[in-house]
Amino acid sequence: MITRLIVSALAVLITAYTLDGVNVDPWWWAVIIAIVLGFINSCIKPLVKLLALPVNMLTLGLFTFVINGLMVLLCSWLIGPHFEVANLLWAILFSIVLTVVNWLLHFFVPSKK
């Protein structure tokens, strides 16, 4: 579990330093950001996706990108000045790049399975 948290925090750092519209300062706040994003994605996001199901069906699932961006903006709002996202477009891009970077990093970390 600690390894997954460290990998997720590293993914947040890599993604934030790659994108201009996202700022993590100081670097060690990436661990807290990873925890908060994990909590939001496991508790709040399923409810929002359920409520937005009609819109999501109308857009053939593309509204999910907006929901992911809104979850990143919520995390940015909760964390405060240590995690800044410029706008919704940067938040959507952050969520896409974070997913790819997180997948790549977890691909190289051995699991206990």
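In this predicted model, the largest nonpolar core comprises 27 residues. Within this core, the residues with the most contacts are Val 24, Ile 33, Cys 75, Phe 83 and Phe 94. At least two core residues come from each of the following elements: helix H1 (2–18), strand E1 (22–24), helix H2 (29–51), helix H4 (63–79), strand E2 (83–85) and helix H5 (88–108). The greatest contribution is that of H2, which supplies seven residues. In soluble globular proteins, nonpolar side chains tend to be buried together.

The secondary structure of the chain consists of five helices and two strands. In sequence order, these elements follow the pattern α-β-α-α-α-β-α. The radius of gyration is 14 Å, close to the 13 Å that the globule rule gives for 113 residues, so the chain is as compact as a globular protein of that length. The C-alpha trace spans about 40 × 40 × 20 Å along its principal axes. Of the 113 residues in the chain, 35% are buried. The chain exposes about 7300 Å², and 75% of this area is supplied by carbon and sulfur atoms. Among contacts between residues at least 6 apart in sequence, 62% join residues at least 24 apart.

The packing of the helices H1 and H2 was examined next. Their axes lie 8 Å apart and form an angle of about 110°. This angle makes H1 roughly perpendicular to H2. On the H1 side, the residues that meet H2 are Leu 5, Ser 8, Ala 9, Val 12 and Leu 13. Their counterparts in H2 are Ala 30, Val 31, Ile 33, Ala 34 and Ile 35.

Gly 69 lies in helix H4 and, at 0% relative accessibility, counts as buried. Apart from residues up to four places away in sequence, Gly 69 touches Leu 88, Ala 91, Ile 92 and Ser 95. Ile 92 belongs to helix H5 and is likewise buried, with a relative accessible area of 15%. With the same exclusion of sequence neighbours, Ile 92 touches Phe 65, Val 66 and Gly 69. The C-alpha atoms of Ile 92 and Phe 63 are separated by 11 Å, and these two residues are 29 residues apart along the chain. Gly 69 and Tyr 17, which are 52 residues apart in sequence, have a C-alpha to C-alpha separation of 18 Å.

The loop between H1 and E1 contains Gly 21. This glycine is buried, with a relative accessible area of 12%. Residues up to four places away in sequence not being counted, Gly 21 touches Glu 84, Val 85, Ala 86 and Trp 90. Gly 21 and Val 85 are 64 residues apart in sequence, yet their C-alpha atoms are 5.8 Å apart in space. In the loop between E1 and H2 is Pro 26. A cis peptide bond joins Asp 25 and Pro 26, with omega of about -10°.

Asn 56 is found in helix H3 (residues 53–58) and is buried, its relative accessible area being 11%. Beyond residues up to four places away in sequence, Asn 56 touches Gly 61, Leu 62, Phe 63 and Thr 64. Leu 60, by contrast, is found in the loop between H3 and H4 and is exposed, with a relative accessible area of 78%. The phi angle of Leu 60 is near 60°, a positive value in a residue other than glycine.

Conventions:
Residues are numbered from 1 along each chain as its sequence is written. This is a predicted model: local features need pLDDT of at least 70, side-chain atom pairs count only at pLDDT 80 or more; totals for chains, interfaces and linings use all residues. Side-chain values use heavy atoms; hydrogens and water are left out. A nonpolar core is a set of buried Ala, Val, Leu, Ile, Met, Phe, Trp, Tyr and Cys residues joined through side-chain atoms within 4.5 Å. Buried means under 20% relative accessible area, exposed over 50%, partly exposed in between (1.4 Å probe, protein chains only). Helices (H or I, at least four residues) and strands (E, at least two) are DSSP runs, numbered from the N terminus. The radius of gyration is taken over C-alpha atoms; the globule rule is 2.2 Å times the number of residues to the power 0.38. Contact means heavy atoms within 4.5 Å. Accessible areas come from the Shrake-Rupley method with a 1.4 Å probe; for residues, only the protein chains shown count as cover. Axes are lines fitted to C-alpha atoms, for helices over the stretch in contact, and angles run from 0 to 180 degrees between N-to-C directions. Angles under 35 degrees count as roughly parallel, over 145 as roughly antiparallel, 65 to 115 as roughly perpendicular and the rest as oblique.
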